[in-house]
Every structure is written in structure tokens, then in C-alpha cells.
Amino acid sequence: MSPRAGSAGSHTLAFVESPVQLLNVLEWAHLHALRDPEAPGGGLTLVVLSPNDPMTRGQLRRMAELARDEGYEVRWEEARGGPGAPFHTIGGLTPLLRRARRVVMGDPFSRYVQLLLTITKARDLVVVDDGTATMEFVAQLARGERLVRWHRKGGRPGARDLIFAPVSSSARRRLTPSAKRHVEIFSSMPMDERPDGVTVTANDFAWTRARFGPPRITKGADMVGTSLVETGVVDGDRYLEAVRSLAKTHGAARYFAHRRESTDKLHRLAAETGLEIVRPDLPLELIARRGPIGRTILSFPSTVVHTLPLALIGTEVRVAVCDIDPAWLTRNASPRAQGFLSGVTGTARDVTRLSAVTAA
């Protein structure tokens, strides 16, 4: 059992919905090394609000095993298992929420998390990284704007958005520091705007580097996939052509699929580019750290251009990021998409910038 397991006992609850969120909760706990003599070995309680996507569920189960190995309690909730699942989940978590002194969350945009925030009386709230979404959350909190994901911003709110608006507004207020509430953001992402009163703590992936690696490095290049097509930001044909061009130019052999990429798209990528499609069973930061991994990792603008250089400190691996050509964007893409993606690339440290490839 890890000495970090004795953290905050039943007083600290963490809610995660993705493998990366769970990884970053482990990084946060490792850094803070929280201890509670009244709860030996019963530190942090991780609550997994499980999605339905099979690949995400598989990665979450592997991450849950790592969390248990560290000595943390993991509570798996089938939060989306049917029409009555949300009521059952929230009802079962309410007693824990009311007792919790600290709540850690990975996605403040999540409606599930926002509902849970209306129940808790915790004085300490912690937001751990959920990738590039954290950058937008911080900016919106600093400006006092409503919480909405960057790739949806600019469109008219739907009926569900309007119904849920009071809950979202309440969550934003609770995530605003006050004399009675402390808010911390634990992130590896750059932040141009910092909300007043919020504590910002840097995530340098110390736990990942301490537990895994160093990796065996191969001579070739690997490519990291993105879900920009699935979220309606980038045209599928343009994306495929860009992947083919990058793979040919840099000699890439493997394509690490994003957990949200569709099966049909991945089959087409394999058939038309010759790339070996790899569906990782853990977040890419851990996959890369364990190895084997290519000497060059190719990526489009995404979280990994910020996290992989940190996870791979001390190795000879180079991370290269390819800009998104404005011509690749779909008609339905948010008006802010190009600026946001350019910002993700432009603020990345220790990466090689590649010009957008020509996609016919």
C-alpha cells in the first residue's frame, strides 16, 4: 500500500468520468500527500461515474486498478445504466457528499458533477485537469461566464441547456472562491486568465514518472489520434488526408486512437493510410512512459501536446504538433474553434511546431 493512501479519509471525495481525470486525481493526491491518522489506509475515495462507451470503461477499469494499488478506495457507479440510474446514483452518493470536507472533480462542465455540487457543503473544492477543457473553464470562471464547452460555444442554447441553466449557474457560484470556500485548480495546462482567489497548482506528472519508465524508444514515429471529427469540428475527409500526409512525411507506423474515435473512421484510416491502429488500455501519458514509444510523437492540437513533454522529461522523445488548417473546419464548428485550437498549439512548451499539411 502506498504511503500516500492515508490522505483525507472519508472527508475527500473525487468524481471522475474519464481515465485522464482519474490519472490527474492520482497526480494531485501524490503531490499533496494528504494524511489523516483517523483513517489509516482509507485515504481518498474515488467515485467513478461510469460512461457507456466501452473503450472509456475499459481504460477506467485499468486506472481503477492502479488507484486501488495505491491504497485508495474506488467506488464504481453505473451512472448511466438506464433512465433511473442518475436518481439511484445521486441518492446513494448524497450521504457521502454531505459529510465530505473536500470534493475533487475532473469535469466542471459535466451536468452530473454540477448536480452533485448542489448537494455538497464541502469548504474545499478541487478541479483537476480534464485536458484542454480546463483552459476554457478557467477563462470562463475568470470572466463570470456561463459554463459551456468550447466546441459548443457560439451556438444557441438548446431546450436541455435552458432547463439545466439554474443548476449550471449554481455550480459556477460554488466554484467561485469566498470566505467560506477554497477553490484549487490542479493543472498542467497554460492559463492566461486566473480567477481571483483561486489557488493554481502545477501538475508535472511526478506520479507517472515515479511509477513508470523510462520507456524503450524506437526509431520511428507514432501518431496520436483526436476526436475533433467526432465532435463536429473537423471534416472527416480532410482529417484522413492530413493523417495520411503526416504519416508518409514522418514515417509513422502506429496510430494511437482517441477513446472517442468511431470504429468506422478508424477502419478507414487503417485501410487508406496503412497505419497500425492501437486502442490504448490506459491514458497515453502512461502508455508513452511505459513504452515502447516512437522517437517522434505526432499530434494535432490536443491535451497531449502539453502533458506528454512533462511525462517524458529526461527521455529523447520529441513531440511534434501539426496546426489545424481553417479549411478543415466544418460549417457547424464553433466560431471560436480555430482560435482555441491555435491557442492550444501556441501555448505548448517543449514541442516542435509543424505547419498544417495540405489536405485535398
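Biologist: At roughly what angle do the axes of helix 8 and helix 9 cross, and is the arrangement parallel or oblique?
Modeller: This is a predicted model, and in it the axes of helix 8 (residues 236-250) and helix 9 (residues 263-273) come within 10 Å of each other. The crossing is right-handed. Angles under 35 degrees would count as roughly parallel and those from 65 to 115 as roughly perpendicular, and because the axes cross at roughly 40°, helix 8 is oblique to helix 9.

Biologist: How do the residues of the contact of helix 8 with helix 9 divide into nonpolar, polar and charged?
Modeller: Helix 8 contributes Asp 237, Tyr 239, Leu 240, Val 243 and Arg 244, while helix 9 brings Lys 265, Arg 268, Leu 269, Glu 272 and Thr 273. Sorted by kind, the residues of this contact are four nonpolar, one polar and five charged.

Biologist: Which strands stand at the edges of the six-stranded open sheet, and why is one side of each left without a neighbour?
Modeller: The strands follow the order 10-9-8-11-12-13, with parallel pairing, and neighbouring strands are turned by 30° against each other on average, direction ignored.

Biologist: What is the bridge partner of Tyr 255 in strand 10?
Modeller: Strand 9, which spans residues 252-256, pairs with strand 10 in the parallel sense over three bridges. The bridge partner of Tyr 255 in strand 10 is Ile 277.

Biologist: At about what angle does helix 11 run to strand 12?
Modeller: Helix 11 (residues 304-311) lies across strand 8 (217-224), strand 11 (293-299) and strand 12 (318-322). Relative to strand 12, the direction of helix 11 is at about 175°.

Biologist: Is Thr 89 buried or exposed, and what is its relative accessible area?
Modeller: Thr 89 has its place in helix 3 (residues 85-99), and, leaving aside residues up to four places away in sequence, Thr 89 touches Leu 49, Glu 77, Glu 78, Ala 79 and Tyr 112. A residue under 20% relative accessible area counts as buried, and therefore Thr 89 is buried, at 1%.

Biologist: Where do the peptide bonds from Gly 213 to Pro 214 and from Gly 291 to Pro 292 lie, and are they cis or trans?
Modeller: In general, most peptide bonds are trans. Pro 214 sits in the loop between helix 7 (206-211) and strand 8, and Pro 292 in the loop between helix 10 (284-290) and strand 11. With omega near 0° for the bond from Gly 213 to Pro 214 and near -5° for the bond from Gly 291 to Pro 292, each of these bonds is cis.

Biologist: Phe 205 and Asp 350 have a positive phi; is each of them buried or exposed?
Modeller: Phi is about 60° for Phe 205, found in the loop between strand 7 (199-202) and helix 7, and near 60° for Asp 350, which lies in the loop between helix 12 and strand 13. The cut-offs are under 20% relative accessible area for buried and over 50% for exposed. Phe 205, at 2%, is therefore buried, whereas Asp 350, at 72%, counts as exposed.

Key: Residues numbered from 1 in each chain as written. Predicted model: local features only at pLDDT ≥ 70, side-chain atom pairs only at ≥ 80, totals over all residues. Heavy atoms only, no water. Pairing = 2+ DSSP bridges. Helix = DSSP H or I, 4+ residues; strand = E, 2+ residues; numbered from the N terminus. Axes fitted to C-alpha atoms, helices over the stretch in contact; angles between N-to-C directions. Contact = heavy atoms within 4.5 Å. Buried < 20%, exposed > 50% of the residue type's maximum accessible area, 1.4 Å probe, protein only. Parallel < 35°, antiparallel > 145°, perpendicular 65-115°, else oblique. Left-handed = near helix turned anticlockwise from the far one by under 90°. Nonpolar A, V, L, I, M, F, W, Y, C, P; charged D, E, K, R; others polar.
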